[in-house]
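Visitor: Could you walk me through how to read a few side-chain features in a model? Let's bring it up and start.

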Amino acid sequence: MFVAVSTTYATASSLYQQQRYDSYILFSLSQYLVSSSENKNVFIFGATENALSSKTAMKAFPVIHYVKNNYYDMTLSQALTNNGVKNVQFSSKARTISVDLANKACSGEANKIFSTPQYSIYSNGDDLLVYLGNNNCM
């Protein structure tokens, strides 16, 4: 009984903390993109890192790794659109463009215009790439 309650509590707490962490990233990113006067296409690449509490809980309960719900290109694209960000691109073609932009960002061909520990924004022509995570280009 103790194991079942502990696992349930750890999973619920981990998912809640991950949602709070991802919400911070969403609103920070939304604020930057909406306030910037650039009218460029926005592409997403990568996924958000795990929240610290999620990392800790996953050490004790590895099953949490399989149920966590970090933002990635599709979910963040939809959330940004819902928060008023214009020109967010998501489709199978957009995913290909995102990969190309990520390669350009890693090779130095794209200009890094903004960076936080959670994400970086690169500009390349008429496109912006939001590169999620803090281990870009590894």
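Guide: Start with Phe-45, which is partly exposed at 25% relative accessibility. Buried means under 20% relative accessible area, exposed over 50%, and partly exposed in between, using a 1.4 Å probe and protein chains only. Tyr-131, at 9%, counts as buried. This is a predicted model, so local features need pLDDT of at least 70 and side-chain atom pairs count only at pLDDT 80 or more, while totals for chains, interfaces and linings use all residues. Residues are numbered from 1 along each chain as its sequence is written, and side-chain values use heavy atoms, with hydrogens and water left out.

Visitor: What describes a pair of aromatic rings?

Guide: The distance of the centres and the angle of the planes. Rings of Phe, Tyr and Trp (its six-membered ring) pair if their centres lie within 6.5 Å; planes under 30 degrees apart are stacked, over 60 edge-to-face, and the rest tilted. A search of the whole structure turns up four aromatic pairs. Tyr-32 and Phe-114 are stacked, at 4.4 Å centre to centre and 20 degrees between the planes. That pair links distant parts of the chain, with Tyr-32 in helix α1 and Phe-114 in strand β2 (residues 111–115), 82 residues apart. Helices (H or I, at least four residues) and strands (E, at least two) are DSSP runs, numbered from the N terminus. Phe-45 and Tyr-131 make an edge-to-face pair: 5.1 Å between centres, 70 degrees between planes. Here strand β1 holds Phe-45 and strand β4 holds Tyr-131, 86 residues apart.

Visitor: Which residues do ring pairs link into a cluster?

Guide: Tyr-32, Phe-114 and Tyr-119.

Visitor: And how do I read a core? Which members of the largest one touch the most others?

Guide: A nonpolar core is a set of buried Ala, Val, Leu, Ile, Met, Phe, Trp, Tyr and Cys residues joined through side-chain atoms within 4.5 Å. The largest has 17 residues, and Leu-29, Leu-33, Leu-76, Leu-80 and Val-130 touch the most other members. Helix α1 (2–35) is one of the elements giving two or more residues; with four, α1 gives the most.

Visitor: What about Ser-77: buried or exposed?

Guide: Buried, at 3% relative accessibility; Ser-77 lies in helix α3. A polar atom of the Ser-77 side chain lies 2.5 Å from the backbone oxygen of Asp-73. Leaving aside neighbours within four places in sequence, Ser-77 is in contact (heavy atoms within 4.5 Å) with Ile-44, Tyr-72, Val-88, Gln-89 and Phe-90.

Note on methods: Polar contact = N/O pair within 3.5 Å; in protein donor to acceptor, adjacent residues only side chain to side chain.
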